[in-house]
Amino acid sequence: MDPNKLKRHHIMRSLILAGITALLAYLILSEALSHYLAPRLHMFSYVTLVILALLTMVSIRQIFVGSSVYDCDCEEQHKVPRTPMGSFLVYGLFVLPIVMGFFMPDKILGSDVAEKRGITLLSNDVRKLADVTANANGNATENVKQTAGVKEDAEPSIKPQPEATNQVAIPPVQATDDEQLRQRFSNGGFGDFYTDIAVFLHKQPVIELNDKLFLDGLTTMELYAKEFAGKELETFGFVYRQPDFTKQQFVVARFSVTCCTADSSVYGVLVEKEDADKWKKDSWVKVRGKLELRQVEGYDMLVLKASQVEAVSAPKDPYVYYSFESAPES
């Protein structure tokens, strides 16, 4: 091949490598990498950045010194594109994601994705969400059929009940000291991890579900739902609604990411407030109120009766993660 032509290919490849390196560096420096990867994978991105930088330097060197002679007998497999159209197609596959990465705005996951994947309430499935909504609407039979796939001639699994009878009044735990409180939670048989978190949360005058405790805290309150009924809770997230919600209902939700956004899941708390419909879908809010216990198909489920809702800005890292650590010391 003409050396000048080959040199142009080396230049193009160097520009592509430099573009990918610059894009990854931009995501790391702007702290936008969390929109795509969980923090525990960030170290791999740093290593990748170093490798890409080295490959870029090697490619730039080839522009000036040329390619070395192939040491294998598969030279034809390593050839550069022979036609302008071939070059456009091959290199375009690499240029397109670089252009998209720099010029398309970062967008965090929201209600559209949550609606497709389903939302988990206090570590329970989306069926419970529909059932609670059905009770509030006074139209449980039809909604349960749609959600659980019940045939039209089947008996409804939940009968509509007035809200007052749907709430279970369970007094909060009255422990004289930490040891009695721990004993109460340890009797559940869920292990020291959730016992530690349950004791820590229950001792708080107002339970604050921050980013670190959001997922483990929700799971803990679901495991010990009766003990947490009547407790004050404060948390924040984006507003999520389903079509069958009443005007007084929405879910304050967060996305959880294990590795990357492709495996994300949605978790949240059902909130009830008279003016709940004033908060737009996907807007970020901080909610404070009292947890009430509801029984849905034999399950205990906590609902947050909000006393205060205020608009907040979305956090720099909008996703939450399981910490797998013991509860912080009180």
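**Reading helix packing and cores**

Mentor: Let's start inside: of the 36 residues in the largest nonpolar core, Met221, Phe228, Phe250, Val287 and Leu302 touch the most other members. This is a predicted model, where local features need pLDDT of at least 70, side-chain atom pairs count only at pLDDT 80 or more, and totals for chains, interfaces and linings use all residues. Residues are numbered from 1 along each chain as its sequence is written, and side-chain values use heavy atoms, leaving out hydrogens and water.

Trainee: Is Ser34 buried or exposed?

Mentor: Ser34 counts as buried because its relative accessibility is 11%. Ser34 sits in the loop between α1 and α2 (42-65). Contact means heavy atoms within 4.5 Å; leaving aside neighbours within four places in sequence, Ser34 is in contact with His42, Asp317, Tyr319 and Tyr321.

Trainee: How do I read the angle between α1 and α3?

Mentor: Angles run from 0 to 180 degrees between N-to-C directions of axes fitted to C-alpha atoms, and those under 35 degrees count as roughly parallel. The axes of α1 (residues 3-29) and α3 (residues 84-103) come within 9 Å and cross at roughly 20°, so these helices are roughly parallel to each other.

Notes: Helix = DSSP H or I, 4+ residues; strand = E, 2+ residues; numbered from the N terminus. Parallel < 35°, antiparallel > 145°, perpendicular 65-115°, else oblique. Core = buried A, V, L, I, M, F, W, Y, C linked by side-chain atoms within 4.5 Å. Buried < 20%, exposed > 50% of the residue type's maximum accessible area, 1.4 Å probe, protein only.
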